[in-house]
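This briefing concerns the protein model displayed below. Please keep the structure in view while reading the points that follow.

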Amino acid sequence: MNEPAVPAPSPPTTAYEAFLDTQRGKPSAAACEQWADEHAGDPAQARALVDAGWLTARSSRSGSGAAALALFRRAADGDGEHRLDARVGIVDQLYALGRAQDAERAQEELRTCLDAEPAGSSRLRVIDDMVEVLAETGRHEHALTWCQAGLDAIAADEGIPQAAKYRHGLLIHRGFLRSELGIELDEDDLAAEAEADASLTQFRDSLLEALSQDPAVDAPEDAEAFDGILLRWVREDFAAVRARWPESTASYGDDYDTYAARLQHDAHAYSEAGAARVRIVSATLAEFEEYARRHGREPGAAETRRAFSEWHATTEHPERALLWPPARNGPCWCESNRKYKKCCGAPARN
């Protein structure tokens with residue numbers, strides 16, 4: 001949820017997908033809004049406005065909440081299935097703006113709209129997103145009501161595309177919400193919880209096996225405690241770093257989201273390897289170049305980058321060395337402006 005739509009690997013089939021292709025799947029809020037303005041009446045206009053709304057909501061600019069709300073309302077007034085996604089954004093932003101009563105009225109309006117919609121995966125997607133929004137804002141009772149509505153819809157028609165995926169996710173949500181509300185879990189909740197735990201265990205084992213063949217982290221061979229330190233290039237320098245060391249693509253990935261996911265995995269690896277604590281230190285390319293010059297080190301050497309990360313974290317800027325993992329409800333370490341639990345700490349990325 002809350003992610004701008006990204007075109008599939010196949011050739012784009014709509015004008016909006018063609019536009020996203022030109023943006024490499026990472027458009028700005030302004031670009032999405034401009035596309036919507038220039039394509040009034042296009043079936044994807046609401047989709048473009050929804051993408052613009054979420055991108056605006058994530059920004060740290062003053063007034064971004066009100067601006068995002070206006071974009072979502074424009075989309076909700078349009079045609080097509082994405083007008084319902086827009087109503088999820090309206091609820092989210094009303095809560096963010098402290099307008100709880102208006103948010104609850106917006107929920108009722110969305111329920112009415114959904115009741116008029118045929119059963120299908122689009123309807124389940126909207127319900128699933130509402131559960132996520134309400135759980136994140138602490139409205140657990142409301143979230144549980146929406147969660148049960150989604151499960152009831154699946155029980156009534158299990159032939160809905162992706163029904164199994166949505167049922168599994170909703171059961172995991174339901175178990176969490178019931179726990180938060182002090183409600184005893186039933187067999188379905190416990191089974192979903194056990195399956196999620198098993199998936200995480202499988203991922204961990206696969207990661208450790210891969211690391212044993214080609215370690216991504218350096219850990220001492222003895223049993224002494226050690227600190228795991230990961231260097232994170234700041235988001236705005238990522239393109240320059242890749243240009244500086246083209247070979248880094250193999251380990252960094254093609255975009256910042258991939259890079260952040262790999263850092264998250266390496267942090268897990270340090271933790272599993274026995275690190276007393278794991279720290280992620282942020283730095284700019286200019287700071288690294290200055291370090292290499294001042295200390296007479298070869299900038300292109302991987303060893304220089306490792307030495308720089310330790311020096312930066314312990315000597316130069318220890319205040320930038322964030323303990324990993326951060327609080328679930330705290331800001332994510334990757335500068336996405338999202339909560340950790342909804343970003344690099346989300347189960348899907350771990």
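In this predicted model, Leu110 touches Leu84, Arg87, Val88, Val126, Met130 and Trp146, when residues up to four places away in sequence are not counted. Leu110 belongs to the largest nonpolar core, which has 55 residues. Together with Tyr16 and Trp146, Leu110 is among the residues with the most contacts inside that core.

**Nonpolar cores**

- A second core is separate and has 34 residues; among them are Ala275, Tyr291, Ala313 and Cys343.

- Asp85 is situated in helix α5, which covers residues 82-96.
- The relative accessible area of Asp85 is 9%, and the residue is therefore classed as buried, the limit being under 20%.
- The side chains of Asp85 and Arg125 are joined by a polar contact of 2.7 Å.
- Neighbours within four places in sequence set aside, Asp85 is in contact with Val50, Arg125, Val126 and Asp129.

**Strands β1 and β2**

- Strand β1 consists of residues 227-233, and because six of its seven residues are buried, the strand is largely enclosed by the rest of the structure.
- Strand β1 runs parallel to strand β2, residues 277-283, and seven bridges join the two.
- One of the residues with a bridge partner in β2 is Ile229, whose partner there is Arg279.
- In a regular strand, side chains alternate between the two faces of the sheet.

**Cysteine residues**

- How many disulfides does a search of the whole structure find? The search finds zero.
- The cysteine sulfur closest to that of Cys332 belongs to Cys344. The two sulfur atoms are 3.7 Å apart, which is too far for a bond, because a disulfide requires them to be within 2.5 Å.
- Cys332 has a relative accessibility of 8% and so counts as buried.
- Cys147 likewise counts as buried, because its relative accessibility is 0%.

**Confidence of the prediction**

- The average pLDDT of the protein is 81, and 85% of the residues score at least 70.
- Residues 1-9 have a pLDDT under 50, and the model gives this stretch 22 contacts beyond four places in sequence.
- Residues 210-224 also have a pLDDT below 50, and this stretch has 12 contacts in the model beyond near neighbours in sequence.

Key: Residues are numbered from 1 along each chain as its sequence is written. This is a predicted model: local features need pLDDT of at least 70, side-chain atom pairs count only at pLDDT 80 or more; totals for chains, interfaces and linings use all residues. Side-chain values use heavy atoms; hydrogens and water are left out. Buried means under 20% relative accessible area, exposed over 50%, partly exposed in between (1.4 Å probe, protein chains only). Helices (H or I, at least four residues) and strands (E, at least two) are DSSP runs, numbered from the N terminus. Two strands pair if DSSP finds at least two bridges between them. A polar contact is a pair of N or O atoms within 3.5 Å; within protein, one must be able to donate a hydrogen and the other to accept it, and residues adjacent in sequence count only if both atoms are side-chain atoms. Contact means heavy atoms within 4.5 Å. A nonpolar core is a set of buried Ala, Val, Leu, Ile, Met, Phe, Trp, Tyr and Cys residues joined through side-chain atoms within 4.5 Å. pLDDT is the predictor's confidence in each residue, from 0 to 100.
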